[in-house]
Amino acid sequence: MKKIIFLFLLVSYNINAQNENIYGLWGSLEGEYVDITEDDEFVRYKIGQYNIKKILSRGYIEYYGEEMHIIRTDTVDNYDLGYFVGSENLVIQKPYSNQAWLWQKIYDY
């Protein structure tokens, strides 16, 4: 009986611990990158001409189940986004849109 309860708790933990693999550097086909650190800070940027990093957004992430609450520090804005983390891919709903980003893992922390 203890083994069954332990197995159930382990499976429940893995289902609810979606954000564990989110940390690292992700890239998109649109040429954007998002770096999500273990202290839940993020920077989304593009690499422009002469390898100059152009920051598109930055801030903090708070996780609530299958949604992330974004608190921007580069502007006065915050919002909730749906997301899903796979083994090598990350899908994040774009703010104020019915579209989403598809990110591929480049570097893992």
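## Strand pairing and the overall fold

Two strands are said to pair if DSSP finds at least two bridges between them. By this rule, β1 and β8 pair in the antiparallel sense over five bridges. Helices (H or I, at least four residues) and strands (E, at least two) are DSSP runs, numbered from the N terminus. The structure discussed here is a predicted model, in which local features need pLDDT of at least 70 and side-chain atom pairs count only at pLDDT 80 or more, while totals for chains, interfaces and linings use all residues. Residues are numbered from 1 along each chain as its sequence is written, and side-chain values use heavy atoms, with hydrogens and water left out.

The chain contains one helix and eight strands. Along the sequence, these elements follow the pattern α-β-β-β-β-β-β-β-β. Of the 109 residues in the chain, 34% are buried; a residue is buried if its relative accessible area is under 20%, exposed if over 50%, and partly exposed in between (1.4 Å probe, protein chains only).

## Strand β1 and its partners

Strand β1 covers residues 24-28 and is mostly covered, as five of its five residues are buried. Its pairing with β8 includes W26, whose bridge partner in β8 is K105. Strand β1 is also joined to β2 by four bridges, and these two strands run antiparallel. Together β1 and β2 form a hairpin with three residues between them. In the turn of this hairpin, G31 has a positive phi of about 85°.

Residue G24 belongs to strand β1. Its bridge partner in β2 is I36. G24 counts as buried because its relative accessibility is 0%. G24 and T37 are 13 residues apart in sequence, and their C-alpha atoms are 6.2 Å apart in space.

## The largest pocket

The largest pocket has a volume of about 160 Å³. On a 1 Å grid over the protein atoms alone, a pocket is an open set of points with protein on both sides within 12 Å along at least five of seven lines, where a 1.4 Å probe fits; lining residues have an atom within 4 Å of a point. Grid points are joined across faces, edges and corners, and the volume is the space filled by probe spheres set on the points.

The largest pocket is lined by 15 residues, of which F42, R44, I70, L81 and W101 are the closest to its centre. Two or more lining residues come from each of β2 (32-36), β3 (41-47), β4 (53-64), β5 (67-72), β6 and β8. The most are given by β5, with three residues. By class, the lining has 12 nonpolar, one polar and two charged residues. Here Ala, Val, Leu, Ile, Met, Phe, Trp, Tyr, Cys and Pro count as nonpolar, Asp, Glu, Lys and Arg as charged, and the others, Gly among them, as polar.

## Aromatic rings

A pair of aromatic rings is described by the distance of the centres and the angle of the planes. Rings of Phe, Tyr and Trp (its six-membered ring) pair if their centres lie within 6.5 Å; planes under 30 degrees apart count as stacked, over 60 as edge-to-face and the rest as tilted. A search of the whole structure finds five aromatic pairs. One of them is formed by Y79 and Y96, which are edge-to-face at 5.6 Å centre to centre, with 70° between the planes. Y79 lies in strand β6 (residues 78-85) and Y96 in the loop between β7 (89-93) and β8 (100-108), so this pair ties together parts that are 17 residues apart in sequence. Y79 is buried, at 11% relative accessibility, whereas Y96 is exposed, at 66%.

The rings of Y107 and Y109 also form an edge-to-face pair, because their centres are 5.7 Å apart and their planes stand at 80°. Y107 is partly exposed at 48%, and Y109 is partly exposed at 43%. A further ring contact involves a charge: the charged end of K53 sits over the ring of Y45, 4.4 Å from its centre. A charge sits over a ring if NZ of Lys or CZ of Arg is within 6 Å of the ring centre and within 35 degrees of the ring normal.

Y96 has a positive phi of about 55° although it is not a glycine. D40, in the loop between β2 and β3, is likewise a residue other than glycine with a positive phi, near 65°. D40 is buried, with a relative accessible area of 19%.
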